[in-house]
Structure formats: structure tokens, C-alpha cells
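Please look through the structure shown below together with its sequence.

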Amino acid sequence: MLDDWRPVGLVAGWQTAASLCYYSIFAATGFVRETFALSESLVGVFLTAALVGYTVALFPSGAAVDGYGERPVMLAGLVGLAVATVAVSFAPTYATVLAAAALLGAAYSTAMPASNRGIVAAAPAGRTSLAMGLKQVGVTTGSAAASLVVTGVAAVAAWQVGFWAISLLAVGYTAVFALRYRGRPGTGDLSVPDVRGLLGQRTYVVLVAAGFFVGASIFTMLGYVVLYVQDAVGASAAAGGVALALTQLTGSAARIGAGGLADRLGGARGSALVALGQLGLGAALFAGVAVAPGSLAVAFFLFAGLGVSIHGSTGVFYSCLTDLVDGDEVGAATAGGQTAINLGGVVTPPVFGYLVEIGGYDAAWGLLAVATSVGAALLFLVVRRI
């Protein structure tokens, strides 16, 4: 039984190491703001630079995964993430830190196409949604660890030291993964993904459209939790790091629970139903943040709930997506879904930051409540179509 789940555990570990590198920049927003004397909007541009690099490289990464298999792509991707993490810490100007963030995003583009393909190949029969949820726990675990490492190290040393430690951990796991994970070979041909064929599947297109609003909520919240706790609640950056880590920890538990529930409901429809319920709850909680008093305890409670709802939904989102396409299209199909998620993250953080500047955090969190509601409406259409 344990042998059946060992490849899933290795892929989940790789996802954790990759996310530890990528999400380090979200934990460092306050320090980057201080180092380069940035406005809230320019902090959003910093996060957007990483997402642009991530998004531009997604389809090439998906094609490489389908052509050569996930193992070589995952090894190259994790090495690239380790290098880019160090590059962010050494950036001397705002322009160079934007370039380093874009490089970090490009290296992280290997994550979802490769890890999703690995899960589809390795998951025990009938347990794909649970396996996908376990793998997606790597995202929230890595992000939570990054929050604690970056803000914790910054309390006793320069914030850049946390980035160096994260890079070393990534290099160490690369060696472990190279020795223990065999993977599934690809087709042997590097070809242009059949985007037109994917766009001809209407249910897939509606699900991808919902992904845009999922990404808008996830990436914007990740980027501004620490700043919100500092600016609106009046607590320290370390407290903001705890709030961010809390959303990731509750999101980790929710991804496992959501995956198990989706397997019981069955198929793509079960996954879509669970994601629909989570986004509906997320919309209500974002509205709660918009009207809540600036209390640290209330903030912890609401962000924990947003971890369960928003961060906990991506495993079942990808489980639904991979159920809608053929096995040899998983890399390209994942690239399409992740592109939509990333575009939501590219567009929304600067808008959120601008709303903070002109109207305060209440208006900005209200924007995310609306965005999440639209995503839930699109998921409702997916459920109707399956």
C-alpha cells in the first residue's frame, strides 16, 4: 500500500520545494517595499513580474513535459528555482529585482504541468483527486514555510539570508528526487501544444475561465496579507507572516479533505462541485475581511477560513481539469489552466494596490469578493455541463 503512494509523495515533496522557492517573494513584500522605497502599486508590479515570467514559459514547459516526460523537466526546474531565488536576494535595484522575479516565475512554470502529469500517472486507481490534493498541499506547505523562513530570519538577520537558506534546501531535494523518482517517459517529440483542440472543448474553456478568478483571488491575497496586517491591523511583519502561513496550513488540510470528498462524489463533476462550494465560501469571507474591524484575532480567523476555501480549491480544480482531457494532453491542458490562473494574478494585484491607495483596504477586499463570486458562477456552469 505504501509503495503505491511513494511516487505521489516524491512528487508532493518536489512541489513543496518548488513552492518554497517561488512563494518566498510573497512573504518578502514588506521587506522589498522598504528596501526599494516602493508604493503599494509598485509592490503589485513586483509580484506581477514573477507571474509574467511564469505565464510566458507555461506552454513551452507543458510541451516539454508531454514530449520528454516530467522527470527531466522537474529536475531542471528546481535547479532553476534555486538559482533565481538567490538572484532575487542579490538584486541591487528595483529593475533588477523585477528581472530576477521574472526569472523565478519562468523556472516555476515547470511545476504544474510536470507535477500534474506525475500525479495522473502515479495515483492509485480511483484516488486521483486525493492524490492531486496531497500534491497541491506542497504548494501551501512550501508557501507557509517560505513565510516563516523569510519573516523569521529577517527578525534576526537580513531578509536575504532566508532566501539563501531556501535555495540550499531546493538544491538538496533536487539530489533526493534525482535518485528516487523515475517518472513516465514522454512521446519523444517536442511539438506545439494543440491549443485549438483544447479550446474546442467548451467545458474545459469555462473551467479555464473560472481559473482566471481563482488566480486573481489567490495571488492577490498572498501578496497583500502581510502588508494588510502591518498597515490596517497595526501588527508586525512577523505577525503578518504568521497570518500568511495560517492561510497555507488550513489550505493544506482543505486540499486533502476536498480531494477525498471529490473522489467520493466521483469524476470531474464531483471535483467541480467541491470547488464551487469552496469559492462560494471564499466570496463570503472576502466580504467579511472588507467590513471586519482591524483586529489581529479576527484577521487570523478570516484568513484561516480563506485558506480552507480559496487555497483549498486548487487540487480539485486541477483534478477536474485533468479528467476533462486525454492523458497525453495533461501537460498542455494544465498549461492552459495555469495560464488563466496566472493572468488573474497578473492583472489583479496592481489593481488591488491602487484601490488601497485611493480607497483603503475595504474597497480592495471587496474587489476580491466580487472576483471570487464570478469564479463560483462559472464553476456552476461547469457542473451543469458535465
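The crossing of helix H5 and helix H17 is right-handed, where a crossing is called right-handed if the near helix is turned clockwise from the far one by less than a right angle, and left-handed if anticlockwise. This is a predicted model, in which local features need pLDDT of at least 70 and side-chain atom pairs count only at pLDDT 80 or more, while totals for chains, interfaces and linings use all residues. Residues are numbered from 1 along each chain as its sequence is written, and side-chain values use heavy atoms, with hydrogens and water left out. Helices are DSSP runs (H or I, at least four residues), numbered from the N terminus.

**Helix H5 against helix H17**

- Helix H5 (residues 58-68) and helix H17 (residues 330-359) pack at an angle of about 160 degrees, with their axes 8 Å apart; axes here are lines fitted to C-alpha atoms, for helices over the stretch in contact, and angles run from 0 to 180 degrees between N-to-C directions.
- Because of this angle, H5 is roughly antiparallel to H17, a label used for angles over 145 degrees, whereas angles under 35 count as roughly parallel, 65 to 115 as roughly perpendicular and the rest as oblique.
- On the H5 side the contact (heavy atoms within 4.5 Å) is made by Leu 58, Phe 59, Gly 62 and Asp 66, and on the H17 side the residues include Val 330, Gly 331, Ala 332 and Asn 342.
- The residues of this contact divide into five nonpolar, six polar and one charged, where Ala, Val, Leu, Ile, Met, Phe, Trp, Tyr, Cys and Pro count as nonpolar, Asp, Glu, Lys and Arg as charged, and the others, Gly among them, as polar.

**Helix H4 against helix H12**

- The axes of H4 and H12 come within 10 Å and cross at roughly 155 degrees, which means that H4 is roughly antiparallel to H12.
- The crossing of H4 and H12 is right-handed.
- H4 contributes Glu 40, Val 43, Gly 44, Leu 47, Leu 51 and Tyr 54 to the contact, and H12 contributes Phe 219, Gly 223, Tyr 224, Leu 227 and Asp 231.
- By type, the residues in the contact of H4 with H12 are seven nonpolar, two polar and two charged.

**The largest nonpolar core**

- The largest nonpolar core has 126 residues, and among those with the most contacts inside it are Tyr 22, Tyr 108, Phe 219 and Trp 365; such a core is a set of buried Ala, Val, Leu, Ile, Met, Phe, Trp, Tyr and Cys residues joined through side-chain atoms within 4.5 Å.
- Helix H12 (residues 202-233) provides the largest share of this core, with 17 residues.
- Phe 219 touches, among others, Tyr 22, Leu 51, Tyr 54 and Gln 338, when residues up to four places away in sequence are not counted.

- Helix H16 (residues 314-323) is mostly covered, since nine of its 10 residues are buried, where buried means under 20% relative accessible area, exposed over 50% and partly exposed in between (1.4 Å probe, protein chains only).
- H3 is also mostly covered, with six of its eight residues buried, namely Thr 29, Gly 30, Phe 31, Val 32, Arg 33 and Phe 36.
- Ala 37 lies in the loop between helix H3 (29-36) and helix H4 (40-56), and although this residue is not a glycine, it has a positive phi of about 55 degrees.
- Most residues other than glycine have a negative phi.
- Ala 37 counts as exposed because its relative accessibility is 67%.

**Single residues in their surroundings**

- Ser 19, in helix H1 (residues 2-22), is buried, with a relative accessible area of 0%.
- Leaving aside neighbours within four places in sequence, Ser 19 is in contact with Ser 24, Tyr 108, Gly 138, Val 139, Gly 142 and Ser 143.
- Thr 348, in helix H17, counts as buried because its relative accessibility is 7%, and beyond four places in sequence Thr 348 touches Ala 216, Thr 220, Leu 367 and Leu 368.
- Gly 172, in helix H10 (residues 159-180), counts as partly exposed at 37% relative accessibility, and the C-alpha atoms of Gly 172 and Ala 17, 155 residues apart along the chain, are separated by 9.4 Å.

Conventions: Helix = DSSP H or I, 4+ residues; strand = E, 2+ residues; numbered from the N terminus.
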